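Thank you for sending this model to look over. Some points for a reader who meets it for the first time are set out below.

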Amino acid sequence: MKKSDIAFEYASLPVFQTYTKQIENFNCSKEGHHEGLNQRLRQSLMQDVTTLIFFDCLNENHIIGYCSYCCSSLKYEGEVCPAVEIINFAVDQKYQDRYFDSYETDEPRMPCSAFILRYSVSHIEEISQQHMRARYLFLHSDQREKTVHFYKQNLFHPCPRDFNPFGRWSEFTMIHEIIPPYDAE
């Protein structure tokens, strides 16, 4: 796949109504894992979260994957830090073993799932730097070693115990620090 073959939209009720067939056909359950994520895509469109939906422009706008996120916070050393939480991240099983080729740049080939996650993180960082000033992006991974390894390879690391995402910390909570533009220079 090339970058030009992928389109994305922010999910909202009009998107849900426009792409009802594609949303109903979305299936990220491989080997019986994550069957609930299929239903959560539909639910996230009706909740107060932002969802990026990625479409395959060459395949009847089939949904490649999605990333739902919302504003949150972490408690660190007694202070509340603004954060963004990735609520749901899933890639359709048809795309889980496919690679994204970036012919426009020198970037190496990467799995579609890695491209979608990295694009979503970049998008969230940009919004955060411009509007929210969140310092952290976090998610709660499932317990499978393969999944934890995937997040470690793609910008996240295990969340230290002294960070507290509303008492929901676990050894599978993953975190990514957002560098504010004024700190990056």
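Which residue stands opposite Leu-139 in E7? The answer is Ile-86, and the points below start from there, with the reminder that this is a predicted model.

1. Strand E7 and its parallel neighbour. Strand E7 covers residues 136–140, and strand E4, which covers residues 79–91, pairs with E7 in the parallel sense over four bridges.

2. Strand E7 and its antiparallel neighbour. E7 is also joined by five bridges to strand E10, residues 173–177, and these two strands run antiparallel. To follow this pairing, one may look at Tyr-136, whose bridge partner in E10 is Glu-177.

3. Burial of strand E7. Of the five residues in E7, four are buried, and the strand is therefore largely enclosed by the rest of the structure.

4. The structure holds five aromatic pairs, and one of them is formed by Phe-89 and Phe-150, which are stacked with 6.2 Å from centre to centre and 15° between the planes. Because Phe-89 lies in strand E4 whereas Phe-150 belongs to helix H5 (residues 145–153), this pair ties together parts that are 61 residues apart in sequence. Phe-89 and Phe-150 are both buried.

5. A second pair, and the cluster. Tyr-151 and Phe-156 form an aromatic pair of the edge-to-face kind, with 6.0 Å from centre to centre and 75° between the planes, and both of these residues are buried as well. Ring pairs link Phe-89, Phe-150, Tyr-151 and Phe-156 into a cluster, which a reader may wish to display as a group.

6. Helices H4 and H5. How are two packed helices described? The description uses the angle between their axes and the distance between the axes. Here the axes of helix H4, residues 112–132, and H5 come within 10 Å and cross at roughly 55°, which makes H4 oblique to H5. The crossing of H4 and H5 is right-handed.

7. Is Thr-51 buried or exposed? Thr-51, which is placed in strand E2 (residues 50–56), has a relative accessible area of 0% and is therefore buried. The side chain of Thr-51 is joined to that of Ser-68 by a polar contact of 2.8 Å.

Definitions and conventions
Residues numbered from 1 in each chain as written. Predicted model: local features only at pLDDT ≥ 70, side-chain atom pairs only at ≥ 80, totals over all residues. Heavy atoms only, no water. Buried < 20%, exposed > 50% of the residue type's maximum accessible area, 1.4 Å probe, protein only. Polar contact = N/O pair within 3.5 Å; in protein donor to acceptor, adjacent residues only side chain to side chain. Pairing = 2+ DSSP bridges. Phe/Tyr/Trp six-rings, centres within 6.5 Å; stacked < 30°, edge-to-face > 60°. Axes fitted to C-alpha atoms, helices over the stretch in contact; angles between N-to-C directions. Parallel < 35°, antiparallel > 145°, perpendicular 65-115°, else oblique. Left-handed = near helix turned anticlockwise from the far one by under 90°.
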